[in-house]
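Reader: I've got a model open and I'd like to learn how to read it feature by feature. Can you walk me through it?

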Amino acid sequence: MHTRRLFYFLITMITAMSTAAQSPNLHQLQQQFVDLRFGMFIHFNIPTFMNQDWADPDASPSLFNPTHLDCSQWARAAKSANMSYGCLTTKHHSGFCIWDTKTTDYNVMNSPLHRDVVKEYAEAFRAQGLKVCLYYSILDTHHELRPGFITHKHIDMIKAQLTELLSNYGDITALIIDGWDAPWSRISYDDIPFEEIYTLVKTLQPNCLLMDLNSAKYPPDALFYTDIKSYEQGAGQHVSTTANRLPALSCLPLNSAWFWKTDFPTTAVKDPKMLVNDDIIPYNKIYDNFILNVAPNRDGLIDDNALAALVQIGHLWKNEGPSNPLPVTDAPIISSNLAKHQPAKSSWSDDMNIMDFGNDDNFSTSWQSNTTVKAPWYQVELGKKKAFNMVVITESKANINSYRLEYRSNGVWKPLAIIPNKNRIKIHRFETVWGDAVKLLIDKFDTPPGIVEFGVYTPRSSADGNHGANAF
């Protein structure tokens, strides 16, 4: 019996290792997402029935009553535009869930529709050969999941809802998160721990990309808290068509707003030719996937003017297959910054740009070295000895040419084993050390250096072993 158990154990281990070896790494998944090129965002939820983009969090489920809901129509419409995937708003900011969830009564099964919209959407899009993505809002005003009110029960609810979405609806290409770490949501990656959610997603579906729509506050040079860099064009966020080297997503609604409004059927939609020539084609050339929002109406159908526009897009644009090879980038930063808001010290600063601005979690401020200082330094106190294995330095501009990193352990400063680089965002991963302070010593620079943010991290594990420690 012992021999048989050992045999099955070895077979299981070999199978698991073989599966892992065959699974695409993060860079390959990012390339696959970029290669999808063009998709359909589908904002359809209780705001659809309120003529608003943000619904009343106390709105009754009885409002949600799309009497002619046909997700197959949506999928055919996407196919007519040569789209390759869809993304549905499973839960928006007011907390109404349009799937059969066991986590709350505030869901579609308690509406007159009494049907699982996520299930019907996923099946309809797959039937047309389209990939399936899901949108999920962290901000949830119905359940008081908002700043100042967040509890462990809220975190448990998020995890339970994501577990349902990633367990019951087949392969999910990407999970697009909203309402998290944005100025308007004010829910930080510490309030709802990003790394825990990221790890859960990857555990449930290793090939699912996690994308945070609110990553706009972070520089476009590295992946902070997202697998794909996002740009909401209507909010003034635009990817650079000359400098972008990250896997990206740009989004825009076909109509004047995200959710359906009563004037949509009689108001002109955006010009299909403009969308093709100004968005899809140029963005696809720079590793950017374009997603166009098409909002179903209160019957659960896409309006005729929107359908006609999608057909026209399909006549003007064809998916030419794989795009340009995506440059290799560093793995995403996913853990909390141990240096955020901690006491900082530095050599002489320039005017008011003192050391406090170098770790204030604000990428629009910076510590600036005084012009007379020949050997600038910047230091963050961690309060007590902590474990860490990553330091990220974000400069105002790339002009530090030579530098060193040290950490203090038991009162002694020791060098960190890093490979310096000249990038504006310098990401360094190394073997875990324990220390109560970290210092940057700058030896050579072109102009007086400025540090926008100095980060110290302890990721539980590398987001992807196939990304080089200093590949960015």
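Predicted model: local features only at pLDDT ≥ 70, side-chain atom pairs only at ≥ 80, totals over all residues.

Reader: Where does W377 sit, and what does W377 touch?

Author: Two terms first. Helices (H or I, at least four residues) and strands (E, at least two) are DSSP runs, numbered from the N terminus, and contact means heavy atoms within 4.5 Å. W377 lies in strand 11, residues 377-395. Not counting residues up to four places away in sequence, W377 touches K345, S346, S347, W367, K439, L440 and L441. For a sense of scale, W377 and Q30 are 347 residues apart in sequence and 37 Å apart in space, C-alpha to C-alpha.

Reader: Is S409 buried or exposed?

Author: S409 is buried, with a relative accessible area of 8%. You'll find S409 in strand 12, residues 400-409. Leaving aside neighbours within four places in sequence, S409 is in contact with K385, K414 and W434. For W434 there is a polar pair to look at: the backbone oxygen of W434 lies 3.5 Å from a polar atom of the S409 side chain. A polar contact is a pair of N or O atoms within 3.5 Å; within protein, one must be able to donate a hydrogen and the other to accept it, and residues adjacent in sequence count only if both atoms are side-chain atoms.

Reader: How should I read a helix? Which residues of helix 5 are buried?

Author: Start with the general idea: an α-helix has 3.6 residues a turn, so residues three or four places apart point the same way. In helix 5, the buried residues are H154, I155, M157, I158, Q161, L162, E164 and L165. What covers them includes strand 2 (85-91), helix 4 (117-127), strand 3 (131-137), strand 4 (174-178) and helix 6 (194-204). As for length, helix 5 (residues 152-165) has 14 residues and reaches 20 Å from its first C-alpha to its last, close to the 20 Å expected at 1.5 Å a residue. That expected span is 1.5 Å times one less than the number of residues. At the N-terminal end, T151 is the cap, with a side-chain oxygen 3.3 Å from the backbone nitrogen of K153.

Reader: What caps helix 3, and what do its buried residues pack against?

Author: D70 caps the N-terminal end of helix 3, where a side-chain oxygen lies 3.0 Å from the backbone nitrogen of S72. C71, Q73, W74, A75, A77 and A78 are buried in helix 3, and the buried residues pack against strand 1, strand 2, helix 4 and helix 8. Just after helix 3, N82 takes a positive phi of about 65°.

Reader: How do helix 3 and helix 8 cross?

Author: Axes are lines fitted to C-alpha atoms, for helices over the stretch in contact, and angles run from 0 to 180 degrees between N-to-C directions. The axes of helix 3 (residues 71-80) and helix 8 (residues 304-316) come within 7 Å and cross at roughly 35°. Q73, A77 and S80 of helix 3 meet L307, L310, V311 and G314 of helix 8.

Reader: And which residues touch the most other members in the largest nonpolar core?

Author: In soluble globular proteins, nonpolar side chains tend to be buried together. A nonpolar core is a set of buried Ala, Val, Leu, Ile, Met, Phe, Trp, Tyr and Cys residues joined through side-chain atoms within 4.5 Å. Here the largest core has 113 residues, and M40, W74, V117, Y121, F125 and F224 touch the most other members. Helix 4 gives the most to this core, with 6 residues. Apart from it lies another core, of 23 residues, among them V380, I400, L416 and V456.

Technical notes:
Residues numbered from 1 in each chain as written. Heavy atoms only, no water. Buried < 20%, exposed > 50% of the residue type's maximum accessible area, 1.4 Å probe, protein only.
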